[in-house]
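Colleague: I have a structure open and would like to learn how to read it. Can we go through it together?

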Amino acid sequence: MAETLNISTHLKKQASTEHQITTLVLLHGWGLNSAIWQSLIDKLPNSFTDVFNVVAIDLPGFGTKVDETVSPYSLANICKVLSEEIPQPAIYLGWSLGGLVATEMALNYPNKVLGLITVASTPCFIEEESGKTENNAVIWPGIKSKVLESFHQQLQLDTKKTINNFLKIQTMGTQNIRQDIKQISALVFQHEMANKTTLAQSLMLLENSDYRANLKDINQPFLRLYGDMDSLLPKAVIDKINILVPTSDFYIFKQASHAPFISHSDDFKEILSNWLINMIVEG
């Protein structure tokens, strides 16, 4: 079960009028596609879908858009495409790399983002060391640069093997690792994999993006969801993000790794539903 939901006080949205439908946009992570959300969507009850229109989107170059890309491959250009594809104001939920995309949307298209939810995501994915001591103390927990460097090298040799290895890392620490990997693989490999160029360019977004100084400018209701066994997102970073954006809410799933909506689907659905209903309906 997850830890207690930490809810801060922030300005709530006006209550929705009866029968008004709010769009919830789901954004996938690196190397995968929108099919990753299918099992979560299937679990949503009618009471949820009566209030929210759930839309799972493929980022440019992935899934159903494997032949559609943007140049340069940047968060700004990705969000420009999203803003045109989803013209109405919506709540954006982004997982991992998708969390960076959702954050960019909230910052640069604030009138189109009613609320922001990030899952296993961080404003800066790369570990930062102080460089001032002999042992180089870590001042921002994250992925070591050499790990992403190895992914770049592996991509040039075997794309599918690289994605499979990435899936294994995402599920490390969960109680049902084999089952979780099997479920994720069955979902995402329904579609053609992104090509090496798209995978390399989107991986660079994880390496180069840094929104730490921008989080203070997010004015929408903001929920952050984490797994306490996440090997890609060290738990130590959560407290640092709390300081950067104290008005946000957060929730930590126990014994969950990088994909809590897969490994802890019932708990995830409950937390997501409760937060959204509180924000939109009860506002």
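Colleague: Over which residues does pLDDT stay under 50?
Modeller: Where pLDDT is low, the predicted coordinates should not be read in detail. This is a predicted model, and pLDDT stays under 50 over residues 1–18. The model still has 42 contacts beyond four places in sequence for residues 1–18.

Colleague: What is the mean pLDDT of the protein chain?
Modeller: The mean is 88. Of the residues in the chain, 90% reach 70 or more.

Colleague: How do I read the helix pair? At what angle do the axes of helix 6 and helix 7 cross?
Modeller: Start with the axes. Helix 6 spans residues 159–171 and helix 7 spans residues 177–188. Their axes come within 9 Å and cross at roughly 135°. That angle makes helix 6 oblique to helix 7. The crossing is right-handed.

Colleague: Which residues make the contact?
Modeller: Helix 6 brings Asn164, Leu167, Lys168 and Thr171. Helix 7 brings Ile177, Asp180, Ile181, Ile184 and Ser185. By class, the residues of this contact are four nonpolar, three polar and two charged.

Colleague: Now the rings. How many aromatic pairs does a search of the whole structure find?
Modeller: Ten. One of the pairs is tryptophan 37 with tryptophan 95. Check distance, then angle. The ring centres are 6.4 Å apart and the planes stand at 80°, so the pair is edge-to-face, the class for angles over 60 degrees.

Colleague: Where do tryptophan 37 and tryptophan 95 sit in the chain?
Modeller: Tryptophan 37 is in the loop between strand 1 (22–27) and helix 1 (38–43). Tryptophan 95 is in strand 3 (residues 90–95).

Technical notes:
Residues numbered from 1 in each chain as written. Predicted model: local features only at pLDDT ≥ 70, side-chain atom pairs only at ≥ 80, totals over all residues. Heavy atoms only, no water. Axes fitted to C-alpha atoms, helices over the stretch in contact; angles between N-to-C directions. Helix = DSSP H or I, 4+ residues; strand = E, 2+ residues; numbered from the N terminus. Parallel < 35°, antiparallel > 145°, perpendicular 65-115°, else oblique. Left-handed = near helix turned anticlockwise from the far one by under 90°. Contact = heavy atoms within 4.5 Å. Nonpolar A, V, L, I, M, F, W, Y, C, P; charged D, E, K, R; others polar. pLDDT = per-residue confidence, 0-100. Phe/Tyr/Trp six-rings, centres within 6.5 Å; stacked < 30°, edge-to-face > 60°.
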